[in-house]
Amino acid sequence: MSTSTPVTPVPPPLVELSDTHVVHKARSGGLVTRDRVYALTGADFTVAPGETVGVVGESGCGKSTLAKVLVGVQPPTSGRVSFRGEDLWTMKPASRRSAIGTGTGMIFQDPSTALNRRLTVRQILRDPLDVHRRGTNKEREERVRELMGLVGLPRALADGLPGQLSGGQRQRVAIARALALDPDLVVADEPTSALDVSVRAQILNLLLDLKERLGLALVFVSHDIQTVRRMSDRVITMYLGRIVEESPANGVTDAARHPYTRALFSATPGLLDPIDPIPLVGPVPSATRPPSGCPFRTRCWKATETCAVAMPEFTAASIPGHRFRCHHPVEEGRTTRDLVTQAVTAVPDTPSDPQETPVAPPHTPKDPREP
Ligand SMILES: Nc1ncnc2c1ncn2[C@@H]1O[C@H](COP(=O)(O)OP(=O)(O)O)[C@@H](O)[C@H]1O
Ligand code: SF4
Ligand SMILES: [Mg+2]
């Protein structure tokens, strides 16, 4: 008789990015060759069923690009995006539309532009059911009623147009539409930043409640990093198109090892112990001319010549599920106060002007979809 302990099967990731790049054509550049924008570079990332992953990073670092890649509305320039183990972009277009349409839902920042203003709430919610031919006419009507109940919209609003609703109600319609086909993954890109402060908490609570009730995986993108931390199981930090750290959410404020994550979280300290944020003094590089090596090196107080040579690979931290990409990570146990002192007294070791530093495109795509 075998004495080996039974192995609990690990569910495969819902969505997986492997060395995924997105390069846009910029509006700038010459007449013949436009500049390239390195919006997402070498992303390796998975989302497991039922987990909430928060995405943080400053404006322009690629959060929305990552969100769109995850729900299959942005094709990668190169690399792989798989959904339930299947490569989305080698599928036939009809299979891809079906996999994306029924398996994922996306909630955008501004519900006033995301919803068709000429359609009633009922029509907006029926549309995905009609497109994917879900159930009979009667079942679709029933599903519309169910969805409105799920997101707390009164039935009387079914014949209202988006323009007749409040911002919070419009976002509830957008959430209901994202849930119409019972997806496993919902990606919410800054879902509350266009809303009045007074309704933000209600929408966040609704998302959390739905996630629990429906067992959804949720990717939550926001520049409100404290909300991301509270909402998420895991937080990823992005900088200039790169994922630079992945950390369990509960320790991210004080246990993050990447200098940029620490700087980001230090900018919104707890009310009980307010301190100045870690100062970042160097120039902010552009996504059309990312610095060679580590993209954060022009602003990092710990940067050395090594950081200009190569982008560090991921290093596993001592906590399971925590990894970071840094040549000189923050030492374990360092407080934010220590890091402020370190940053204030640091002498730059690398050239600080990105125009004077070797600039290396992080990747030269060979894919025919290259812009
Ligand atoms: N369609 C596009 N064409 C050209 N550049 C784009 C396009 N979409 C995004 N970008 C650029 O890609 C970078 C990442 O953008 P985005 O993913 O929207 O960042 P974030 O959501 O973090 O603000 C930015 O430099 C942005 O200007
Ligand atoms: S120490 Fe170097 S590798 Fe680490 S974040 Fe700073 S510049 Fe990047
Ligand atoms: Mg964005």
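Which element supplies the largest share of the shell around ligand 1? I looked this up in what is a predicted model, and found that the largest share, three residues, comes from α1. I then noted that β1 (15-29), β2 (34-47) and α1 (63-70) each supply at least two residues of that shell. Of the 13 residues around ligand 1, I listed those that come nearest as His24, Ala39, Lys63, Ser64 and Thr65. Sorting the shell by class, I recorded seven polar, five nonpolar and one charged residues.

Next I turned to helix α4 (residues 121-131), where I found Val121, Ile124, Leu125, Arg126 and Pro128 to be buried. The buried residues of α4 pack, as I traced them, against α2 (93-103), α5 (137-150) and α6. I also checked the backbone just after α4, where Arg133 takes a positive phi of about 50°.

Last, I followed α6 to its other packing entry, with α7. The axes of helix α6 (residues 167-179) and helix α7 (residues 197-214) come within 10 Å and cross at roughly 20°. On the α6 side I listed Gly167, Gly168, Gln171, Arg172, Ile175 and Leu179 as making the contact, and on the α7 side Val199, Gln202, Ile203, Leu206 and Leu210. By class, I counted six nonpolar, four polar and one charged residues in this contact of α6 with α7.

Terms used:
Residues numbered from 1 in each chain as written. Chains lettered and ligands numbered in written order. Predicted model: local features only at pLDDT ≥ 70, side-chain atom pairs only at ≥ 80, totals over all residues. Axes fitted to C-alpha atoms, helices over the stretch in contact; angles between N-to-C directions. Helix = DSSP H or I, 4+ residues; strand = E, 2+ residues; numbered from the N terminus. Contact = placed C-beta atoms within 7 Å. Nonpolar A, V, L, I, M, F, W, Y, C, P; charged D, E, K, R; others polar. Buried ≥ 20, exposed ≤ 12 C-beta atoms within 10 Å, placed from the backbone. Near = placed C-beta within 6 Å.
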